[in-house]
Amino acid sequence: MIRVAFASSDRSTVNQHFGAATGFAVYALDGERARLIEIVEFPPATVEANEGRLPARVAALAGCAAVYCLAVGASAVKQLLAAGVQPVRIDDETGIDLLLRQLSGAIRAGGIGWVDKASRRHDGDDTRFDRMLDEGWNE
């Protein structure tokens with residue numbers, strides 16, 4: 001399963017800018033099912049500069065393959081990519097359920113670059129220890 005976060009104030013719609021998001025709904029999904037695994041919340045934006053808020057938001061998404069949001073600044077993109085999280089900007093508010101169905105289809109059929117990469121990385125992780133055992137352990 002891959003983990004995907006959605007910038008959302010209502011936990012059902014992607015409706016927030018990454019840097020100003022008050023929360024993220026984090027799902028684990030594969031080609032067959034999606035499950036809400038975590039809600040990450042932040043206090044409403046204050047006068048604090050956007051740059052000061054970014055590290056906490058990026059760190060909160062550790063382990064996610066991607067984050068969906070309405071907008072994301074260049075600095076946030078750079079920090080997310082360095083953390084291994086693909087930022088995905090959408091043009092209009094969109095229901096999380098619809099996006100999850102699209103992502104599950106992409107996991108099954110391929111065709112979205114970051115989904116294909118995350119699926120390959122996940123598949124490799126599942127079998128890595130089995131391959132090591134098959135090769136044998138020599139000291």
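**From one residue to the fold**

Guide: L99 lies in helix α3, residues 96-109. Helices (H or I, at least four residues) and strands (E, at least two) are DSSP runs, numbered from the N terminus. The model is predicted, so local features need pLDDT of at least 70 and side-chain atom pairs count only at pLDDT 80 or more, while totals for chains, interfaces and linings use all residues. Residues are numbered from 1 along each chain as its sequence is written, and side-chain values use heavy atoms, with hydrogens and water left out.

Visitor: Is L99 buried or exposed?

Guide: L99 is buried, at a relative accessible area of 5%. Buried means under 20% relative accessible area, exposed over 50%, and partly exposed in between (1.4 Å probe, protein chains only).

Visitor: What does L99 touch?

Guide: Not counting residues up to four places away in sequence, L99 touches F6, V14, Y68, I90 and T94. Contact means heavy atoms within 4.5 Å.

Visitor: How many residues are in the largest nonpolar core?

Guide: That core has 20 residues, and V4, F6, V14, Y68, I96, L103 and W114 have the most contacts inside it. The elements giving two or more residues to this core are β1 (2-7), β3 (23-29), β5 (66-69), α3 and α4 (113-135). The largest share, five residues, comes from α3. A nonpolar core here is a set of buried Ala, Val, Leu, Ile, Met, Phe, Trp, Tyr and Cys residues joined through side-chain atoms within 4.5 Å.

Visitor: Which residues does the second core include?

Guide: A7, L54, C64 and L80 are among the residues of that separate core, which has 18 residues.

Visitor: On to the sheet. What is the strand order?

Guide: Five strands form an open sheet in the order β4-β3-β1-β5-β6, with mixed pairing. The edge strands, β4 (34-41) and β6 (86-89), each pair on one side only. Two strands pair if DSSP finds at least two bridges between them.

Visitor: How many bridges join β1 to β5?

Guide: Three, and β1 and β5 run parallel. In β5, V67 is the bridge partner of A5. By contrast, β1 and β3 pair in the antiparallel sense over six bridges. In β3, F24 is the bridge partner of A7, and Y27 stands opposite V4.

Visitor: Why is β1 largely enclosed?

Guide: Five of the six residues of β1 are buried, so β1 is largely enclosed by the rest of the structure.

Visitor: Where does α3 lie?

Guide: Helix α3 lies across β1, β3, β4 and β5, running at about 35° to β3. Axes are lines fitted to C-alpha atoms, for helices over the stretch in contact, and angles run from 0 to 180 degrees between N-to-C directions.
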